[in-house]
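Please keep the sequence and the model in view while reading.

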Amino acid sequence: MCSSDLSALRQIRDDNAFSALTDSMYQTDARVRSEVVQKVAQFYRPETFGLLKQVLANEKNPAIQVAAIRGLGRTDGQRSRPLIIKFLRSHSFRNELAEAALGAIRMQDDASYRPELVAIVLERERDFTSGGFSSALQTLAHISRARSEDGTRLNSSHVVISYA
């Protein structure tokens, strides 16, 4: 399956397209697998979480793992949270898996990740690239925006982290 076929299937957005994509998840070509995982993650379906979880359990290619982790950001936060936290705390080359988890957290826009994220920022600054560390701080600021009890955004918010 080529890239244009995958894009066409993603745009169709019906059961047959989803089925064709999921049938292509275990191609021998890693570039195709990566793109398939990205396209599957764009479907808002209950089974998407299970497919991404399966990819993360079986896939050894970090680029494909990154695509699956980022895709978790589009799934139900209650189910995906343990996996996102696992990868946020993981150690990988240039911290790419943790950075993918940051992307998922930002997509979910859930302030309940704040304690874990503050701990990561304080404990593991040196593990991140400068861009990754910046992304961690931006994600922390993004999810820390103050909201009133009715969910509307307040005018001002501050996130203060003290460092030694």
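**Briefing on a predicted helical model**

Leu51 counts as buried, at 16% relative accessibility; buried means under 20% relative accessible area, exposed over 50% and partly exposed in between, with a 1.4 Å probe and protein chains only. The model is predicted, and local features need pLDDT of at least 70, side-chain atom pairs count only at pLDDT 80 or more, and totals for chains, interfaces and linings use all residues. Residues are numbered from 1 along each chain as its sequence is written, and side-chain values use heavy atoms, with hydrogens and water left out.

**Overall make-up**

- The chain has nine helices and zero strands; helices (H or I, at least four residues) and strands (E, at least two) are DSSP runs, numbered from the N terminus.
- Read from the N terminus on, the order of elements is α-α-α-α-α-α-α-α-α.
- The chain has 164 residues, of which 41% count as buried.
- Among contacts between residues at least 6 apart in sequence, 62% join residues at least 24 apart; contact means heavy atoms within 4.5 Å.

**Leu51 and its surroundings**

- Leu51 is found in helix α4.
- Not counting residues up to four places away in sequence, Leu51 touches Phe18, Thr22, Met25 and Val40.
- Leu51 and Val37 are 14 residues apart along the chain, and their C-alpha atoms are separated by 8.8 Å.

**The nonpolar core**

- In soluble globular proteins, nonpolar side chains tend to be buried together.
- The largest nonpolar core here has 41 residues, and those with the most contacts inside it are Val37 and Leu88. Such a core is a set of buried Ala, Val, Leu, Ile, Met, Phe, Trp, Tyr and Cys residues joined through side-chain atoms within 4.5 Å.
- Two or more residues of this core come from each of α2 (15–23), α3 (30–41), α4 (46–58), α5 (62–72), α6 (77–88), α7 (96–108), α8 (114–123) and α9 (130–143).
- α7 gives the largest share of this core, seven residues.
- Val37 is in contact with Met25, Leu52, Val55, Ile64, Ala67 and Ala68, leaving aside its neighbours within four places in sequence.

**Helix α5 and its packing on α7**

- Helix α5 is largely enclosed by the rest of the structure, because eight of its 11 residues are buried.
- Those buried residues are Ile64, Gln65, Val66, Ala67, Ala68, Ile69, Gly71 and Leu72, and they pack against α3, α4, α6 and α7.
- The axes of α5 and α7 come within 7 Å and cross at roughly 20°. Axes are lines fitted to C-alpha atoms, for helices over the stretch in contact, and angles run from 0 to 180 degrees between N-to-C directions.
- That angle makes α5 roughly parallel to α7; angles under 35 degrees count as roughly parallel, over 145 as roughly antiparallel, 65 to 115 as roughly perpendicular and the rest as oblique.
- The crossing of α5 past α7 is right-handed. A crossing is left-handed if the near helix is turned anticlockwise from the far one by less than a right angle, and right-handed if clockwise.
- From α5, Pro62, Gln65, Val66, Ile69, Arg70 and Leu72 meet Glu96, Leu97, Ala100, Ala101, Ala104, Met107 and Gln108 in α7.
- The residues of this contact of α5 with α7 divide into nine nonpolar, two polar and two charged. Ala, Val, Leu, Ile, Met, Phe, Trp, Tyr, Cys and Pro count as nonpolar, Asp, Glu, Lys and Arg as charged, and the others, Gly among them, as polar.

**Helix α7 and its packing on α9**

- α7 and α9 pack with their axes 10 Å apart, at an angle of about 20°.
- α7 is therefore roughly parallel to α9.
- α7 passes α9 in a left-handed crossing.
- Glu99, Leu102, Ile105 and Arg106 in α7 meet Gly132, Ser135, Ala136, Gln138, Thr139, His142 and Ile143 in α9.
- By class, the contact of α7 with α9 has four nonpolar, five polar and two charged residues.

**Loop residues with positive phi**

- Most residues other than glycine have a negative phi, and most peptide bonds are trans.
- Asn95, in the loop between α6 and α7, has a positive phi near 55°. Asn95 counts as buried, at 1% relative accessibility.
- Asp109, in the loop between α7 and α8, has a positive phi near 50°. Asp109 is partly exposed, with a relative accessible area of 30%.
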